[in-house]
Amino acid sequence: MEKNQLEQFVTVVESGSISKAAKILYLAQPNLSKTMQLLEEEMGQKLLLRSHKGVETTPIGKELYYHAKNILERFDMIDEWKNMHQKTLPCYLKVSISSLFLDKRILHEFSRQTDSMETYIQFHETTPKSVLEDIVTGEAELGIVILNDQILPAFQKIAEAKDIQVEVIDRQPYCLHYHRHYDLEKNLSQDLRFLNHYIWIHFPLDFFGYLNASLSQYGFMILESQKSIVSNNYHAIIQMLCFLDAFLFGNIWQKEEFAKTNIATIPLSYIHIQQNFIILSKKRETLSPTALTYLKCIKDIYQFD
């Protein structure tokens, strides 16, 4: 005797009809009738009295109904206990990030979709090379890096040697970020050299970061900007963009976050080298449910296919 047989028997008794029970259970009536017949054969006695008005239980059928209800209620209690136990288990999310202000809606959605009552979240804002190392050593389960087309092939080779999976999930133009009270957009159509009069804010540069920043277009080399400030603190960078004569080369994926502080995001469409949104993870390991949920939230919020 199986649980689903008991469930079907209880539904037949409570509905008073095999045909009604079949509709409730989304089963074909002949199949449900066959199940009732098998139950009666297993019990060695009639359980149901059938008539044109429906079905009624025999004395043994009434007793089976009582026991079946109790058994099924205990199954429900076990399921509730299991779900409660899963929610009390803490979950862990460790992400290493380079060159990206993540949309705050991602964490909001992640929190909404996480069942655990206690979640430990660790973000490491660092360089592309360190993101790779964090994945290798297990300091992070997910890595997120933004790299341009020129660097990507070399980065992929190094990641391959370290058994790291590189997933490019989007590709967009370079962007310039600045506070709107400077109105730099009118000067962007032809030449970027005027930016040498402003402070260039950027993240710490390793080998990949240096190449990511060394972009020469229309006689302008980013690294030749008159003055620069290096910071790996995202909130400090936003404050500097708001209060200094400064700019940041970045990407379209942080547009929503910057807009909240009146920082403009202007795509530089005439620069043919583009930026890639990259997810890193270990090749031979399955992502935890927590990491998969977070990754899904990223793709949903940024509307990646």
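1. Start with Ser99. This residue is buried, with a relative accessible area of 16%. Keep in mind that the model is a predicted one. Ser99 sits in the loop between strand E3 (91-98) and helix H5 (104-113). Its backbone deserves a look too: Ser99 has a positive phi of about 65°, although it is not a glycine.

2. Now turn to Tyr26. Here, too, phi is positive, at about 55°, and Tyr26 is not a glycine. Find Tyr26 in the loop between helix H2 (18-25) and helix H3 (29-43). Is Tyr26 buried or exposed? Tyr26 is exposed, because its relative accessible area is 76% and the cut-off for exposed is over 50%.

3. Next, the aromatic rings. How many aromatic pairs does a search of the whole structure find? The search finds 12. One of them joins Trp253 and Phe277. A pair of aromatic rings is described by the distance of the centres and the angle of the planes. For Trp253 and Phe277, the centres are 5.3 Å apart and the planes stand at 80°. That pair is edge-to-face, because the angle is over 60 degrees.

4. Stay with this pair and trace the chain. Trp253 lies in the loop between strand E12 (246-250) and helix H10 (255-259). Phe277 belongs to strand E14 (residues 274-282).

5. Look at helix H1 (residues 3-15), where Val10 is found. Val10 is buried, because its relative accessible area is 6%, and buried means under 20%. Which distance separates the C-alpha atoms of Val10 and Leu72? They are 9.4 Å apart, while the two residues are 62 residues apart along the chain.

6. Finish on the surface. Glu73, Asp76, Asp79 and Glu80 gather there in a patch of negative charge. Take Glu80 as one of its members. Glu80 lies in helix H4 (residues 59-88). With a relative accessible area of 52%, Glu80 is exposed, since the cut-off for that word is over 50%.

Key:
Residues are numbered from 1 along each chain as its sequence is written. This is a predicted model: local features need pLDDT of at least 70, side-chain atom pairs count only at pLDDT 80 or more; totals for chains, interfaces and linings use all residues. Side-chain values use heavy atoms; hydrogens and water are left out. Patches are made of residues with over 30% relative accessible area and no salt bridge: like charges are joined within 9 Å, nonpolar side chains (Val, Leu, Ile, Met, Phe, Trp, Tyr) within 5 Å. Accessible areas come from the Shrake-Rupley method with a 1.4 Å probe; for residues, only the protein chains shown count as cover. A salt bridge is a side-chain nitrogen of Lys or Arg within 4 Å of a carboxyl oxygen of Asp or Glu. Lys and Arg count as positive and Asp and Glu as negative; His and the chain ends are not counted. The place of a charge is taken as NZ of Lys, CZ of Arg, CG of Asp or CD of Glu. Helices (H or I, at least four residues) and strands (E, at least two) are DSSP runs, numbered from the N terminus. Buried means under 20% relative accessible area, exposed over 50%, partly exposed in between (1.4 Å probe, protein chains only). Rings of Phe, Tyr and Trp (its six-membered ring) pair if their centres lie within 6.5 Å; planes under 30 degrees apart count as stacked, over 60 as edge-to-face and the rest as tilted.
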